Amino acid sequence: MSKGVFKKSVSPVTEPPAVRYLLIGLSILVLAVFLVLPLVTVFVQALQMGLWQALATFSDPDAISAILLTLLVAAIAVPCNLVFGIAAAWAIAKYRFPGRSFLITLIDLPFSVSPVVAGLVYILLLGPFTPVGAWFLQDFGVRIIFAVPGIVLATIFVTFPFIARELIPLMQDQGTGDEEAALSLGASGWQTFWHVTLPNVKWALLYGVLLCNARAMGEFGAVAVISGKLRGETVTMPLQIELYYQEFRALAQVSAFSLAAVLAGLALVTLVLKSWLEWRYADQLAAGNRGH
Amino acid sequence: MTRIRFREPSIIPGFRLTFGFTILYLFLIVIVPIVGLYMKTFELDWPSFWRILTGSRFQAALKLSFGASLLAALFNVVIGLLIAWVIVRYRFFARRLVDAIIDLPFALPTAVAGIALTALYVPQGWIGRLFSPYGITIAYTPLGIWIALVFIGLPFVVRTVQPVLEDFNAEVEEAAATLGASRLTTIVRVILPALLPAILTGFSLAFARAVGEYGSVIFIAGNIPRQTEILPLLIVFRLEERDYAAASAIAAIMLTVSFLILLLVNLIQSWSNRRFGNV
């Protein structure tokens, strides 16, 4: 940006200082009211009866089982989408075939589906009244809908694109030169993948896993529809927050916000790690995420 | 003899494995369930489908969901442009922090956002109490729904406009200034047109997200039928009544709208790629 030759002249390609400060102030005000205040509220509400009352939430068996279920669901859903993300990125970025961009559009599809609809489609397909659902229930004794498998499926659906969409553009940028060199020097396909491709994309992979995990642990709508909300059995952390919140007792309110504070803490950690990756490894992430 | 190939030849192994797995997983997790939803909807005969479409509760929820989402996405365009501009063009204290916090609505679980916003905007809440003396209630009214939708849609416009603004060539602005354009004229006639595809993309994404949003809205919405009931909540009610046909009909309508928006975004992007180069 050019500076004026004379001290008093105003640069033609920026705004007067007064306008600049006004716009900066306005932005910070908007962000403070719309983003920071809700975040602060979670912690203030959790601590309104003191730290001990907030911590007492985590001795409630319902809360403990909700936390464990959330960890379990994320521990299944994230690796599934990780394997898919790597396979999809390999197939789309390392080869040329017709319909690749259409395939990318299909992979992004779950982002434009309402969470409630995401839960509903599985109920319609696998509910106990459907042929597939009845078959699982009678022949294997496995309930899918209103049970943990359904929660996992719905979570996989809503976090489906996260890792693939980080890897695909990056691997497309990187091309196939490195892999071709490794293969021509005698490496096997797996060796090439482990020692050449994976190190090239590891930060983007971590970035995708981070976002995928945050969404998997925090998903509400899709899981709410499909879980059946059996306390201690099919209730994840976000659902337990809702159950506490609906009790309207002051103590239950504290529990709701204490559990919410844990998830808000997770969100903050995610944001910090994400910003750190964007700052430190900007050149090793997909173009859209390079240090803003 | 030449053979027609699906993919161009390559020495890199693993195409069958990765491509096969990608397609299989995509079909099982995404395509089959969505096709199943449409098939369930097609089981309805026309008169029943028509009854659902013209039901007063559905119509009210439809107007509320799309109206509030439209207003929220428009507001997101205004503040998104402001914030993207400030982050890219100015250097100030806490700029990096501002940049990082913008993604909070993506990272914060929607249920957490929902109860936090409700606590803020009820008449006793920190913000609600500023408005209640004037007789303005925010929580449990359409205004509350709008607030929640503004919250969850906030990052979209910022994140689509930001990279385009960063790449914007300052020489063009200098040329405009040299030719006698005022700063305002340069911004309105030179910079904004270049940002238009990014703005439209961000608007569409924020709008699509808002229409389908559930978690952050239901706590602050009040959920009174025909007044503060959004479309996703109506689906949930139909499900609880075990009226699967009606639930899937409403879902199919919402899904079709999302697909049209997705198509629109792709069209905008291919149009802008042709007109402005890759953005």
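In helix H6 of chain A, residues 131-140, A:Phe136 and A:Phe140 are four residues apart and therefore separated by about one helical turn; helices here are DSSP runs of H or I with at least four residues, numbered from the N terminus. The structure holds 33 aromatic pairs over all chains. In the pair formed by A:Phe136 and A:Phe140, the ring centres lie 5.7 Å apart and the planes stand at 45 degrees, so the pair is tilted. The rule pairs rings of Phe, Tyr and Trp, the last by its six-membered ring, if their centres lie within 6.5 Å; planes under 30 degrees apart count as stacked, over 60 as edge-to-face, and the rest as tilted.

A word on conventions. This is a predicted model, in which local features need pLDDT of at least 70 and side-chain atom pairs count only at pLDDT 80 or more, while totals for chains, interfaces and linings use all residues. Residues are numbered from 1 along each chain as its sequence is written, chains are lettered from A in the order in which they are written, and side-chain values use heavy atoms, with hydrogens and water left out.

I turn to the interface of chain A and chain B. The two chains bury about 8,000 Å² between them, 80% of it on carbon and sulfur atoms; buried area is the accessible area, with a 1.4 Å probe, that two parts lose on being put together, summed over both. Chain A brings 87 residues to the contact and chain B brings 89, contact meaning heavy atoms within 4.5 Å.

Three salt bridges are found across this interface, a salt bridge being a side-chain nitrogen of Lys or Arg within 4 Å of a carboxyl oxygen of Asp or Glu. One salt bridge joins the side chains of A:Glu15 and B:Arg183, at 2.6 Å from N to O. Helix H1 of chain A, residues 17-46, supplies the largest share of the side of chain A that touches chain B, namely 20 residues. By class, that side divides into 64 nonpolar, 15 polar and eight charged residues.

Finally, the domains within chain A. The domain assignment, automatic or from a database, gives domain 1 (1-46) and domain 2 (54-289). Five residues of domain 1 of chain A and nine of domain 2 of chain A take part in their contact. The C-alpha centres of these domains lie 35 Å apart. Between them about 580 Å² is buried, 83% of it from carbon and sulfur atoms, and the count of salt bridges is zero.

Note on methods: Helix = DSSP H or I, 4+ residues; strand = E, 2+ residues; numbered from the N terminus. Nonpolar A, V, L, I, M, F, W, Y, C, P; charged D, E, K, R; others polar.
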